[in-house]
Amino acid sequence: MALTTDDVARLAKLARIELSEAELEHLAPQLDVILESVASVQQVAGPDIEPTSHALPLTNVFREDEVRPSLPREDVLAGAPAAEEERFRVPRILGEEA
Amino acid sequence: MSELLHRTAAELAAGIAAGEHSSEEVTRAHLDRIEAVDEVVHAFLHVDGERALEAARAVDAKVAAGEPVGPLAGVPLGLKDVLTMRGAPTTCGSRMLRDWHPPYDATVTRRLLEAGLVVLGKTNMDEFAMGSSTENSAYGPTRNPWDTSRIPGGSGGGSAAALAAFEAPLTIGTDTGGSIRQPAAVTGTVGVKPTYGGTSRYGLVALASSLDQPGPCARTVLDAALLHQVIAGHDPLDSTSIDAPVPDVVTAARSGDVAGMRIGVVRELGGEGYAPGVEQRFTEAVELLSGLGAEVVEVSCPSFDAALGAYYLIMPSEASSNLARFDAMRFGLRVGDDGTRSAEEVMNLTREAGFGAEVKRRIIIGTYALSSGYYDAYYGSAQKVRTLIKRDFDAAFERCDVLVSPTTPSTPWPLGERVDDPLAMYKADLCTLPSNLAGNAAASFPAGLAPEDGLPVGVQVMAPPMADDRLYRVGAALERALTEQWGGPLLNRIPQLQEVSA
């Protein structure tokens, strides 16, 4: 399979992590070894085996649709990296051309 | 070192309720101990002595007023830094959440506080609970009190080391692939992963939602059971929480009667790759149980051989999705927001700076396993293996009441030895992760010291879902018999830590 530094760069982009060249070089062989060692799971179960997503059977949980107090706004914003006018302040989300 | 530090949580609570000693005295003794040894052990990331003493005095006032208090009221405790508590930082051992103060209490935290437990502080852990050595903490590793050049296990190395160093009689851990049990094994302490859904995940910063489970850590089986009783039970705030009575773990821990119990030794969890001292102490523990009237049989769970592969696809997949919330917008770190960069660029830079190497490895593996074209081959196959592991457990539990194995294949290794060898690190979870994949209850109990290096060995007990009480029954039987054999608790043999005078 051999995961290349280009593959890792593409995955890091999907995962929204900026990685340096040095990090890519360091990570690629490590990730390759991990993927190689887990690849054997493909041979274990036949097509007739149902996948399990959760250990125990899940049922949908409902509650009454009633108004309840939410967390105080100032408590929530206190942990934000930046806040302004009682809102989260975020960097621009559109490109220059938009 | 104060004599109070060696008492069990049950004894401390009884003494507080009877007015023999105050919670304040007990709390102060533990805070002094932390002051004296934690510079070396580094079990705690955050300690708030004032808050702890205030909580202790509140319990003392209740006792003085003759008001009823719970069975662990006034007993100090360390909380793993992955569970939220208002008024203290929750960092998850990550730069991403440095100094972040959560706006609400986890359900586990709320229950602890309501039961009058005194939270001393937050314990160290591998970043976002990813690791088996606590070396992945962004704030530096925890050291094993048995030998401070060695790892205390992980991810809950702080919670386990705090117990072994007598910094706290009780701690809380969380277990996704062994993060309660493996640290317990390598520090000679008790750690229990309840049935998935037995304890609430509300306010637990998620690693892998279908696997994570908070649980009790203690020095004795009864103490773990008492703590289990406090934190367990249905929580409407966690949709996977089981709406059924908590198994009677305290009665089981007091009983320790294993006569007639059928105990299955899992053939696949032993042999090549296991340290001789681990195998020897495990075999002796099984013989001991047999001598106490348990019926021992060998069982085979062939799919367990594929558990490591399945786990290291499912867990990173869920982690990569869960950790997407660290986007630099609503909480935690933000890097490079200088007015010129877009939100996406800021996000990329923040995640680069905020996450450590192991977190990046797992996010990228998870992204790979979930990406189109690979989903069926990796994530899909792993979920099928999960079905097979469940079937193996079901078949084994038809023949046996509990299953047993070593908790982890080796004794604690030197710090640094596996940091750049992820696969070697992952193998520490070989025996523990089948129970996370299948969701059943499992625990680690001290089995003695390996003859070759004098370091702790743990025996793992696995029980069917919602039969957590059986763990305690077996654990109590082992503890009673072994303590008698050793002439006292295993931790009496731990080398003295150098105390720094305050």
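How many salt bridges does the rule count over all chains? The count comes to 26 salt bridges. The points below place several of them in the structure.

1. Confidence. This is a predicted model. The predictor assigns the complex an ipTM of 0.93 and a pTM of 0.97. For chain B the mean pLDDT is 97, with 100% of its residues at 70 or more.

2. Extent of the interface. Contact between the chains involves 62 residues of chain B and 51 residues of chain A. Together the two chains bury about 4,900 Å², and carbon and sulfur atoms account for 68% of that area. Three residues, I364(B), Y368(B) and K384(B), supply 13% of the area that chain B buries against chain A, more than any other three residues.

3. Polar and charged pairs across the interface. Between chain B and chain A there are 17 residue pairs in polar contact, both residues being at pLDDT 80 or more. The rule also finds 3 salt bridges across this interface. One salt bridge joins D337(B) to R89(A), with the closest N and O atoms 3.0 Å apart. Both of these residues belong to a network of salt bridges that links E84(A), R89(A), R334(B) and D337(B).

4. Composition of the chain B side. The residues of chain B that touch chain A comprise 32 nonpolar, 15 polar and 15 charged. The elements giving two or more residues to this side are α10 (307-322), α11 (343-354), α12 (357-370), α13 (376-399), α14 (422-426) and α15 (433-438) of chain B. Among them, α13(B) gives the most, with 12 residues.

5. A buried pair within chain B. D81(B) and K122(B) form a salt bridge through their side chains, at 3.0 Å from N to O. The partners lie 41 residues apart and link distant parts of the chain: D81(B) is in the loop between β2 (76-80) and α4 (107-114), and K122(B) is in strand β3 (residues 118-123). D81(B) counts as buried because its relative accessibility is 1%, under the 20% cut-off. K122(B), at 0% relative accessibility, is likewise buried.

6. A partly exposed pair within chain B. The side chains of R267(B) and E298(B) meet in a salt bridge at 2.7 Å, N to O. This pair also links distant parts of the chain, 31 residues apart, with R267(B) in the loop between β7 (262-266) and α9 (276-291) and E298(B) in strand β8 (residues 295-299). R267(B) has 48% relative accessibility and therefore counts as partly exposed; E298(B), at 45%, is also partly exposed.

7. An exposed pair in chain A. E85(A) forms a salt bridge with R87(A), their closest N and O atoms being 3.7 Å apart. Both residues are exposed.

Notes
Residues numbered from 1 in each chain as written. Chains lettered and ligands numbered in written order. Heavy atoms only, no water. Contact = heavy atoms within 4.5 Å. Buried area = accessible area lost by both parts, 1.4 Å probe. Salt bridge = Lys/Arg side-chain N within 4 Å of Asp/Glu carboxyl O. Polar contact = N/O pair within 3.5 Å; in protein donor to acceptor, adjacent residues only side chain to side chain. Helix = DSSP H or I, 4+ residues; strand = E, 2+ residues; numbered from the N terminus. Nonpolar A, V, L, I, M, F, W, Y, C, P; charged D, E, K, R; others polar. pLDDT = per-residue confidence, 0-100. Buried < 20%, exposed > 50% of the residue type's maximum accessible area, 1.4 Å probe, protein only.
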